[in-house]
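Please open the model in the viewer and display it as a cartoon.

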Amino acid sequence: MTKTNQASASLSATTVGQALPRIDFLYLSEQDMLRAGVADMTGCVDTMEEMFALLHVGDYRMAGPNSDSHGAMVSFPAHSPFPTMPKPTPDRRFMAMPAYLGGRFGTTGMKWYGSNIANREKGLPRSILMFMLNDTDTGAPLALMSGNLLSAYRTGAIPGVGARHLARADARSIGILGPGVMARTVLSACIVARPGIDTLRLKGRGQASLAAFCAWARDTYPQLREITVVERDEDVVRDSDIVSYCTSGSAGDAETYPIVRREWVKPGAFLAMPSLCNIDPGLEGKDVRKVVDNIGLYDAWYEEIPHPLHNTVPMIGCKFMDMIADGRMAREDLEDIGGIVARDAPGRRNDDEIIIMSVGGMPVEDVAWGTVIYRNAIRDGIGVTLNLWDRPVLA
């Protein structure tokens with residue numbers, strides 16, 4: 001196990017040119033990921049935009065029959081005869097999320113994670129993630145990466161892509177529900193997309209998390225001349241040009257999810273929703289544009305999961321799918337951000353239209369940003385080279 005250098009990096013980059021069948025791969029810790037640029041939000045937003053263009057033309061694959069599945073999940077039953085089997089506490093699951101992405105990426109990878117909201121009582125993140133990047137031709141590993149920052153930045157970057165194309169160009173205010181990790185990356189990405197933002201409205205449950213978020217926001221973005229902690233969800237939404245709900249919680253009953261009501265929403269608002277969310281009937285109408293990060297992802301969920309889908313998967317795009325199934329929304333009224341990025345569909349059409357974008361999260365995002373970070377690490381000699389084998393025993 002040695003620090004990578006340019007020679008070993010070139011061997012790790014592809015099996016072509018190696019002294020076959022030797023395989024080395026790169027290990028990147030969280031600190032290595034930071035050194036390789038995982039927190040470069042401008043670069044991440046640009047990369048996610050490029051990824052959406054590839055999705056639009058079909059140069060990608062994910063799991064499942066329609067090649068659009070979120071992944072494969074292990075969950076736990078409410079009642080088990082086995083005393084050592086975990087209980088189904090909130091967010092208690094294991095999940096594998098594989099994908100291939102074409103274009104200049106041309107790589108395949110998989111995010112693997114375990115999640116348990118009770119981790120916070122142990123001083124751990126709710127989810128602990130790893131990401132494996134592979135050579136698409138041979139299947140050989142290229143890199144094993146710490147995945148928490150990778151996932152957090154690519155998740156936050158998606159609302160940033162949405163804001164770049166769908167928020168008003170003169171957007172100045174953002175309202176965020178839930179002052180956690182997701183909120184930090186969403187705020188960062190929206191400021192990348194709309195640098196005129198100078199007002200933040202924030203709501204959360206814990207005073208410590210609110211204080212920490214406000215201090216971070218002031219230090220990181222001195223252009224935020226007004227940061228206000230509000231008491232109601234309504235106050236997050238009212239008068240905000242951009243709104244994002246970033247809370248964590250349990251799925252199961254969509255009526256319990258944080259809601260947005262039409263009378264709260266100002267003309268021209270853009271709502272980017274990467275977590276639990278519901279809307280009232282006033283926002284269901286055709287005059288409110290409804291955009292998702294990948295229609296195929298929601299089709300896959302609809303095929304894989306019992307209905308109503310929104311009760312099990314709390315993303316607002318799943319409510320859109322239920323509305324289509326119930327005849328309350330036409331399928332052709334559901335828009336895909338990939339078409340908007342590729343300019344095959346219009347972005348914001350006027351300053352008064354209200355647009356809601358659902359952010360479901362996809363493994364192609366991890367592959368895109370993970371590939372960029374891996375190549376940065378190779379270029380800059382970051383990480384640790386590990387040997388899989390000099391020659392496979394069972395070749």
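Predicted model: local features only at pLDDT ≥ 70, side-chain atom pairs only at ≥ 80, totals over all residues.

**A helix pair and a sheet**

Residues are numbered from 1 along each chain as its sequence is written, and side-chain values use heavy atoms, without hydrogens and water.

Select residues 41-57 (α3) and 363-380 (α12): their axes come within 10 Å and cross at roughly 130°. Axes are lines fitted to C-alpha atoms, for helices over the stretch in contact, and angles run from 0 to 180 degrees between N-to-C directions. The helices are DSSP runs of H or I, at least four residues, and strands are runs of E, at least two, numbered from the N terminus.

Next, show the side of α3 with Gly43, Cys44, Thr47, Met48, Met51 and Leu55, which meets Val364, Glu365, Ala368, Trp369 and Val372 of α12 (contact means heavy atoms within 4.5 Å).

Now select the open sheet of eight strands, ordered β11-β10-β9-β12-β14-β18-β16-β17 with parallel pairing; two strands pair if DSSP finds at least two bridges between them. At the edges stand β11 (226-229) and β17 (334-336), each with a single partner strand, so one side of each lacks a neighbour in the sheet.

Finally, select residues 207-220: helix α6 lies across β10 and β11, at about 165° to β10.
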